Amino acid sequence: MREYTQIFQGTAFTSKSPKEVEILYDCLFCINSNGMIEKIVAPEDTVYQDLLDTYQGKENFHRLEEGQYFLPGFVDLHVHAPQWAQSGTALDIPLYDWLNTYTFPLESKFSDLAFAKNVYEDVVSTLLANGTTTALYFATVHKEASLLLAEICAEKGQRGLVGKVVMDDPAQNPTFYRDADTQTALADTEEFILAVKELAKSTKQGVYPVVTPRFIPSCTEEGLKGLGELAAKYDTYVQSHCSESDWAHSYVKERFQKNDAFALNDFGLLRDKSVMAHCNFLDEDDADLFAETGTAIAHCPISNAYFANSVIPIAHLHFKGVEVGLGSDISGGFSPSLFDNVRQAVMSSRMLEDGVNPALPTEVRGVPASRITINEAFYYATAGGGESLSLPIGRLAENYTWDVQIIDTKIASSKLPIFNEHEDINDVFQKIMYLVRPENIREVWIQGEKVHSRS
């Protein structure tokens, strides 16, 4: 019989398709030394009992307790790691004012590596405790602090995709927080890419460098062009903000006489490894370009409620073939939990479909066919995020990583309202998605390694 590094027994929920959740009842998940799911064995399979007889009672056999379930680890496609220090503050002012009054002064402090270490260690630990196993991070303009974030991800076991932010336009950025000049920005980015690629050689779960123009308003044309060339040279991921708000969308249109999507594409920044945050104002041509280039959207529903001036038609964009995942957008989004963002994604989509202005007649108040289900929002937080990054993550399936969160529905301080021992398993899933809090997340595993546990 094939030997496995770990075997886990229990019931799991995973996305079979964007609209359908697959329930794996009391299965055995056989994990190899690389932290991959090599085999999933159902109770009716002939080898099921043989595996139980061989592994039960051993240290590497893990059986879920009653009321516990496996979920895939969440994939957060948009996190501003330094902004964790201001989460929950200043969400009542316009985006431009928010950035210049609060965010840029905070991010400028990350030249201090001791301060950066304190914040970055805490944000990575917090995301792990909330079930986020993979995170796509904006850091700051500081090369050393950005590398420190990648090192912290590697050390704590999180799969981190980290970008040193580029803000090289002296006309658009404050004097106290920007790159020294365009050439320095590009040189620092290249050195950062090489350093993270070296770090990745000794990191089981993977860390990845990300080319990161903050957004077009922060960057010169020379800087954007150089970043596109670096992304192509090193085949890296790319991340930025795209058509987030009325102000940002209008700024790019006035500067380039075209929408964000086409401007970014002109600089080589839309590619299969690109993830663009927000994208609320994409038109049909923009969406077609995203689908054609393989560029994904990081949908940030909580943040959008504060800063995007609209509700993104995410169901329509996904229907058109655009890859979609979820992002917390710390700290434009106040919550580090993708559970919270899953819930808001569903609520926002319902508001878009039904409309929000009661002065309008019902038939013209909303946008038809805009709602998404909890199953779809779960897909965006897991499998959709994995597909957006082209990594074998976000699903509990063979040849995917063992990235899981173990959910306990019976924990005394946060017991889910399940009073019927024969409750429909689909209803249990919905209660998990709508009601779980961090204390329900008992353990988190990434690439076959336990990275978080709650006693």
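Predicted model: local features only at pLDDT ≥ 70, side-chain atom pairs only at ≥ 80, totals over all residues.
Residues are numbered from 1 along each chain as its sequence is written, and side-chain values use heavy atoms, with hydrogens and water left out.

Let us start with helix α5 (residues 182–200) and helix α6 (residues 221–234), which pack at an angle of about 20 degrees with their axes 10 Å apart. Helices here are DSSP runs of H or I with at least four residues, strands are runs of E with at least two, and both are numbered from the N terminus. Axes are lines fitted to C-alpha atoms, for helices over the stretch in contact, and angles run from 0 to 180 degrees between N-to-C directions. The angle makes α5 roughly parallel to α6; the cut-offs are under 35 degrees for roughly parallel, over 145 for roughly antiparallel, 65 to 115 for roughly perpendicular, and oblique for the rest. Contact means heavy atoms within 4.5 Å, and the residues that make it include L186, E190, I193 and L194 of α5 and G226, L227, L230 and K233 of α6.

Two of those residues are also joined by charge: the side chains of E190 and K233 meet in a salt bridge (2.8 Å, N to O). A salt bridge is a side-chain nitrogen of Lys or Arg within 4 Å of a carboxyl oxygen of Asp or Glu. E190 lies in α5 and K233 in α6, so the pair ties together parts that are 43 residues apart in sequence. E190 counts as partly exposed at 22% relative accessibility, and K233 as exposed at 57%. The terms are set by relative accessible area: buried is under 20%, exposed is over 50%, and partly exposed is in between (1.4 Å probe, protein chains only).

D188 counts as buried, at 18% relative accessibility. The whole structure holds 25 salt bridges.

Next come helix α12 (residues 338–354) and helix α14 (residues 374–381), packed at an angle of about 135 degrees with their axes 9 Å apart. That makes α12 oblique to α14. On the α12 side the contact is made by L338, V342, A345 and V346, and on the α14 side by I374, A377, F378 and A381. Seven of the eight residues of α14 are buried, so this helix is largely enclosed by the rest of the structure.

Finally, look at D286 in helix α9 (residues 284–293). D286 is buried yet has no salt bridge, and the nearest side chain of opposite charge, K253, is 7.7 Å away. For charge, Lys and Arg count as positive and Asp and Glu as negative, while His and the chain ends are not counted. Leaving aside residues up to four places away in sequence, D286 touches N259, A261, F262 and F281.
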